[in-house]
Amino acid sequence: MRTLSAFVASCSLFAVLAGIQSGVALGEAPAKADEILNYQGPDREQRLVEQARREGTVTVYTSLAPTEAQPMAQAFEKKYGIKVELWRALSERVLQRALSEARAGRYAVDVIATNGPEMESLAREKVLTQFYTPHLADLPPAGVPKHRLWLPDRLTIFVVGYNTNLVRKEDLPQSLTGFADPKWKGRIGIEAGDAEWMATLVKHWGEAPGMAFFRKLAELKPEVRKGHVLLAQLVAAGEIPVGLTIYSSNAETLKRKGAPIDWAPIDPAVARPQGIAVARNAPHPAAAVLFADFVISTEGQKLYDDMGRPPVNTRIKSNLTNFPYIVLDPVTVLDEADKWNRLWEELFLKR
């Protein structure tokens, strides 16, 4: 986790200058943007499609992997005939670029899609704008911020991943607290930057019992690896029998490829909302709203599900989300980052 100030401080000049050229004059807001963003009439989709086709393109900054972002863009292009310009980077760089361009008065991006905490940072910096979507009612209320400047479009779920050659599913504990048992010493691993996972669980359980669990877990000296993809790969390879902070999508991808790995949403599973938003002063507002609509509709969400990404739309019945989970609060990630990073480092990184 990083604080908002740390994110902002890392913004560089090249991010201000880089980007896709916009057809809108610098500093000029699209005409009637508010009406486009918030129109709710019965002919809404028809009007959006007509205007979006006149705009011709939509520019999307995303941290979604190319293997998933490209199919989503292609499906949208096929349905509406509107070109999607994708710029993909890690979530921090997506934040840096969007923030830098907004501060420079350069309006190049239409849609931003990345981690919930980074989306919350952009909301605080007034880089995003509200838009109406009929699919809001299908989103879990716990994942929708009150300001509605961004909406959840998928989930990243922390689950227990295990090597099926080394661990039987029936031998896993019913609760995460069971992994504090000394019998798991030498058999478990965690990702190096998952302080937000700890923060969410401690707030869920309560300070005293929550910290008691993490102190016991730290005494077992779990293997610590940098990168969730790497952690899943090490579990699949049998180097770490059980990963406690595996992303379900990473384990599912390896499982579908035939690797000896499976995952279980051991109670309580933690879900981080990933977000999508329309940029303030988006040069192509109709195309932006249409794209965001498509992603969080059942059509876009089914595509996520097919790719092994946990969908957020509650109308999609998926084995990737058909279990209880608690939702990570992006506000906690931003406002309490120093506290939880310090505790995490003391427990698991200082050996």
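Start with the aromatic rings: a search of the whole structure finds 15 aromatic pairs. Select Phe76 and Phe291 to see one of them. Their ring centres lie 5.1 Å apart and their planes stand at 75°, so this pair is edge-to-face; the cut-off for that class is over 60 degrees. Phe76 sits in helix 5 (residues 66-80), and Phe291 sits in helix 12 (residues 285-296). The pair links distant parts of the chain, 215 residues apart.

Before going further, colour by confidence. This is a predicted model. The mean pLDDT of the protein is 91, and 91% of its residues reach 70 or more. Next, select residues 1-31. Here the pLDDT is below 50. The stretch still has 69 contacts in the model beyond near neighbours in sequence. Where pLDDT is low, the predicted coordinates should not be read in detail.

Next stop: a pair of helices. Select helix 9 (residues 207-219) and helix 15 (residues 337-349). They pack at an angle of about 35°, and their axes are 9 Å apart. Show the side chains at the contact. Helix 9 brings Glu207, Met211, Phe214, Arg215, Leu217 and Ala218. Helix 15 brings Lys339, Trp340, Leu343, Leu347 and Phe348. Which classes meet in the contact of helix 9 with helix 15? Eight of the residues are nonpolar and three are charged, with no polar residues.

The largest pocket has a volume of about 1400 Å³. To find its centre, select Leu90, Asn115, His228, Tyr247 and Arg272, the closest to that point of the 47 residues in the lining. Helix 11 gives the largest share of the lining, five residues. Colour the lining of the largest pocket by class: 17 residues are nonpolar, 14 polar and 16 charged.

The last stop is the second largest pocket, with a volume of about 210 Å³. Its lining has 12 residues. Select Glu35, Ile36, Arg47, Gln51 and Arg54, which are the closest to its centre. Which helix gives the most to the lining of the second largest pocket? Helix 4 does, with six residues. Show helix 3 (33-38) beside helix 4 (44-55): each supplies at least two residues of this lining. By class, the lining of the second largest pocket has five nonpolar, one polar and six charged residues.

Key:
Residues numbered from 1 in each chain as written. Predicted model: local features only at pLDDT ≥ 70, side-chain atom pairs only at ≥ 80, totals over all residues. Heavy atoms only, no water. pLDDT = per-residue confidence, 0-100. Contact = heavy atoms within 4.5 Å. Axes fitted to C-alpha atoms, helices over the stretch in contact; angles between N-to-C directions. Helix = DSSP H or I, 4+ residues; strand = E, 2+ residues; numbered from the N terminus. Nonpolar A, V, L, I, M, F, W, Y, C, P; charged D, E, K, R; others polar. 1 Å grid on protein atoms, 1.4 Å probe; cavity = no way out; pocket = protein on both sides within 12 Å on 5 of 7 lines; lining within 4 Å. Points joined across faces, edges and corners; volume = space filled by probe spheres on them. Phe/Tyr/Trp six-rings, centres within 6.5 Å; stacked < 30°, edge-to-face > 60°.
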